[in-house]
Amino acid sequence: TNADTHTPYLVQSWVENYAENDKARVPFIVTPPLFRLDPEQNNVLRINFIGASLPRDRESVFWLNVKSIAPTPQGEVNKLQVNIKSKFKIFYRPNDLAGDPAKAWQQLKFSQSGGRLTVINPTPYFVSFYAIE
């Protein structure tokens, strides 16, 4: 949604692998990948699975990137322009995984050694932390 009353934005979206060094083909595409979003308008992004052999015994995670690009008015110089890129996690969950994803956090095992905290997740589900104290 473009809540601005005057400025249109160009919106670019794509999916990438979770690990930066993973160069495997991403099994999702976003449509539309690039579009103009006029003031006070909205649009829907569709994430389509295009096929891949993903693990069947655990979740897989990917990044959805959404970048909004504001126009640069002609003739204006020395102007700071801020474009926003948001990243969202996409989880692919195969059917029939064992356990309850809502309770996966309860099975995490924490240990501390030498000022370092280690977390072991024995479940097939990803668990994301907001804060750890």
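In which strand is the place of F110? In this predicted model, F110 lies in strand β7, which covers residues 109-113. The residue is partly exposed, its relative accessible area being 44%. F110 also contributes to a nonpolar surface patch of about 440 Å², to which L117, V119, F129 and I132 belong as well.

A separate description applies to the open sheet, in which four strands follow the order β3-β1-β5-β6 with antiparallel pairing. From one strand to the next, the twist averages 25 degrees.

The pairings within the sheet can be described in order. Strand β1, residues 9-17, is joined to β3 by four bridges in an antiparallel arrangement, and L10 has R36 of β3 as its bridge partner. Between β1 and β5 there are eight bridges, the two strands again running antiparallel; here Q12 stands opposite K67 of β5. Strands β5 and β6, also antiparallel, are joined by nine bridges, with V66 standing opposite S86 in β6.

Strand β5 comprises residues 60-69 and is mostly covered, seven of its 10 residues being buried. In the strand order, β5 stands between β1 and β6.

Key
Residues are numbered from 1 along each chain as its sequence is written. This is a predicted model: local features need pLDDT of at least 70, side-chain atom pairs count only at pLDDT 80 or more; totals for chains, interfaces and linings use all residues. Side-chain values use heavy atoms; hydrogens and water are left out. Patches are made of residues with over 30% relative accessible area and no salt bridge: like charges are joined within 9 Å, nonpolar side chains (Val, Leu, Ile, Met, Phe, Trp, Tyr) within 5 Å. Accessible areas come from the Shrake-Rupley method with a 1.4 Å probe; for residues, only the protein chains shown count as cover. A salt bridge is a side-chain nitrogen of Lys or Arg within 4 Å of a carboxyl oxygen of Asp or Glu. Buried means under 20% relative accessible area, exposed over 50%, partly exposed in between (1.4 Å probe, protein chains only). Two strands pair if DSSP finds at least two bridges between them. Axes are lines fitted to C-alpha atoms, for helices over the stretch in contact, and angles run from 0 to 180 degrees between N-to-C directions.
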